[in-house]
Every structure is written in structure tokens, then in C-alpha cells.
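Keep the viewer open as you read.

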Amino acid sequence: MKKALLVILLALPLLSAVAWQLFFADTVNYYIAAVSVLILSMLPFFASFEGERITARELTLTATLIALAVISRAAFYLIPQVKPIAAVVIVSAVCLGAERGYIIGAFSAFVSNFIFGQGIHTPFQMVALGLVGFIAGLIFQKLKANKYTLAAVGYLLACVLYGLIVDISTILVMYGSHITLAGVISVYVAAVPFNFVFGMSTAVFLFLFGEPFIRKIQRVDAKYGLTVGRP
């Protein structure tokens with residue numbers, strides 16, 4: 001089930017851009033594509049969330065982690081691309097599982113953009129950061145989380161996956177219904193330094209603080225009997 005969801009979610013941004021180019025050019029505002037990406041990607045996770053028995057303590061922990069992710073991004077407001085938000089999302093996914101990781105990532109991006117500014121980029125950031133959490137949750141079901149694995153996975157997810165998805169919003173804004181291969185390549189090449197810095201900062205935060213953060217969440221689990229670390 002999760003593998004199928006992953007394939008669908010990874011394909012959504014690309015399908016949205018293609019659909020815009022083929023069917024909506026000159027007739028529909030590009031916000032339609034962005035909203036479609038957001039709604040279609042969130043529905044499976046909300047359905048899964050509603051199908052489970054969730055305690056008030058679990059909801060509180062989820063909301064607290066979202067708040068921490070938002071605060072971590074806001075605290076580094078003045079330093080471009082150096083943000084711990086992806087690191088917080090990844091650690092949350094390690095402890096709470098892939099689906100909670102997606103919810104925490106998506107809502108962290110949405111809420112923090114009330115500080116950084118909402119726009120066409122917001123749905124793509126939500127999907128991208130949600131997928132960072134989702135894939136991290138899947139990876140660390142099989143891989144032991146230590147400072148080295150956390151840093152390596154964090155760098156790849158923040159630099160490559162997050163950048164590939166979020167930059168689609170830039171492509172839509174710059175080229176609209178006139179997307180070309182050259183234009184797409186130019187956007188991705190220009191974004192390389194920014195994605196590199198975001199990936200490296202995520203890796204550094206995970207290397208320094210990832211394991212202690214995980215132990216903190218595990219102590220909360222032991223104290224209150226929460227169901228953390230679920231698949």
C-alpha cells in the first residue's frame with residue numbers, strides 16, 4: 001500500500017506540469033495545477049489517518065512536532081536556505097512512521113509559510129516536505145538511525161527530492177503554458193546552489209542533533225505509552 005502511494009505521490013508534480021502544458025494552457029490559471037497537486041497528494045494520508053484509532057496524546061505529539069518544525073524554520077529566518085525544518089520532519093518520521101512523517105512535513109510547510117509568505121510555491125513545498133518525511137519513515141524502517149545515516153539520508157532527501165519538486169513551482173511561474181526543456185533545465189541548474197545549501201544544513205543538523213532528538217521522543221513514548229515507531 002505504501003509503495004503504491006509513494007509512486008503516485010512522486011508522479012503527481014510531474015503529471016500536474018504535463019497536464020498544464022497539454023490541457024490547460026491559456027485557459028486555466030497555474031494555481032489550479034498547484035492546488036490539484038496538494039489535494040490529490042493529501043487525500044490518501046487523511047483517509048489513512050481517519051481510519052485509525054488516534055489518541056489525544058498522539059495528536060498532541062504530532063501537533064507539537066509540527067510546531068517545532070515551524071519554529072525551527074522561523075528561528076533561521078535571516079539565513080537563506082539554512083533551515084532545520086527538514087531535519088525535524090525526518091526525525092519525526094523515524095519515530096512516528098512514514099504516514100505521520102508526511103502529515104508533519106506538509107503541515108509544517110503550510111503553517112511556516114504564514115511567516116515566510118504563501119504563494120504558488122506553497123502546495124509544492126507541502127508535497128515536497130511531506131514526501132521527505134514519508135520516504136524517511138520508509139527508509140528507517142529498514143535502516144538503523146544514527147548520526148551518519150541520518151545525515152546521509154537527510155542530505156539526499158532535502159537536496160535532491162525536495163529541490164526537484166519545489167522547483168516545479170518556479171517553472172510554472174516563469175514559463176506558464178510555454179514550458180520548454182531548455183527552460184526546465186535552466187531552472188534546475190540555477191537552483192543547484194540553493195538546494196545544496198539546504199541539503200547540507202539538513203545533514204549538519206541531523207548529524208549534531210538527530211540522535212538526541214530521537215531519544216527525547218522515545219522518552220515521551222515510554223512515559224505516556226504512545227504508539228510511536230509504528231510502520
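## The H7–H8 pair

Start with helix H7 (residues 147–175) and helix H8 (residues 181–224), whose axes come within 6 Å and cross at roughly 150°. Axes here are lines fitted to C-alpha atoms, for helices over the stretch in contact, with angles from 0 to 180 degrees between N-to-C directions. That crossing makes H7 roughly antiparallel to H8; the cut-offs are under 35 degrees for roughly parallel, over 145 for roughly antiparallel, 65 to 115 for roughly perpendicular, and oblique for the rest.

By class, the contact of H7 with H8 has 23 nonpolar, nine polar and three charged residues. Ala, Val, Leu, Ile, Met, Phe, Trp, Tyr, Cys and Pro count as nonpolar, Asp, Glu, Lys and Arg as charged, and the others, Gly among them, as polar. H7 passes H8 in a right-handed crossing (right-handed if the near helix is turned clockwise from the far one by less than a right angle, left-handed if anticlockwise).

## What kind of model this is

This is a predicted model, so local features need pLDDT of at least 70 and side-chain atom pairs count only at pLDDT 80 or more, while totals for chains, interfaces and linings use all residues. Residues are numbered from 1 along each chain as its sequence is written, and side-chain values use heavy atoms, with hydrogens and water left out.

The mean pLDDT (the predictor's confidence in each residue, from 0 to 100) is 81 for the protein chain, and 73% of its residues reach 70 or more.

## Overall make-up

The protein chain has eight helices and zero strands. Both types of element are DSSP runs numbered from the N terminus: helices are H or I with at least four residues, strands E with at least two. Of the 231 residues, 48% are buried (buried is under 20% relative accessible area, exposed over 50%, partly exposed in between, with a 1.4 Å probe and protein chains only).

H4 is mostly covered, with twelve of its twelve residues buried; Ile85, Val89 and Leu96 are among them. Its end C-alpha atoms are 16 Å apart, which agrees with the 16 Å its twelve residues should span at 1.5 Å a residue (the expected span is 1.5 Å times one less than the number of residues).

Gln81 sits in the loop between helix H3 (56–75) and H4. Gln81 is not a glycine, yet has a positive phi of about 70°. Most residues other than glycine have a negative phi. At 29% relative accessibility, Gln81 counts as partly exposed.

## H5 and its neighbours

How do H4 and H5 cross? Their axes come within 7 Å and cross at roughly 155°, which means H4 is roughly antiparallel to H5. H4 passes H5 in a right-handed crossing. H3 and H5 pack at about 45°, with axes 8 Å apart, and are therefore oblique to each other. H3 also passes H5 in a right-handed crossing.

Ala106 lies in H5 (residues 98–116) and is buried, with a relative accessible area of 0%. The C-alpha atoms of Ala106 and Val89 are separated by 9.3 Å, with the two residues 17 apart along the chain. Just after H5, Gly117 takes a positive phi of about 110°.
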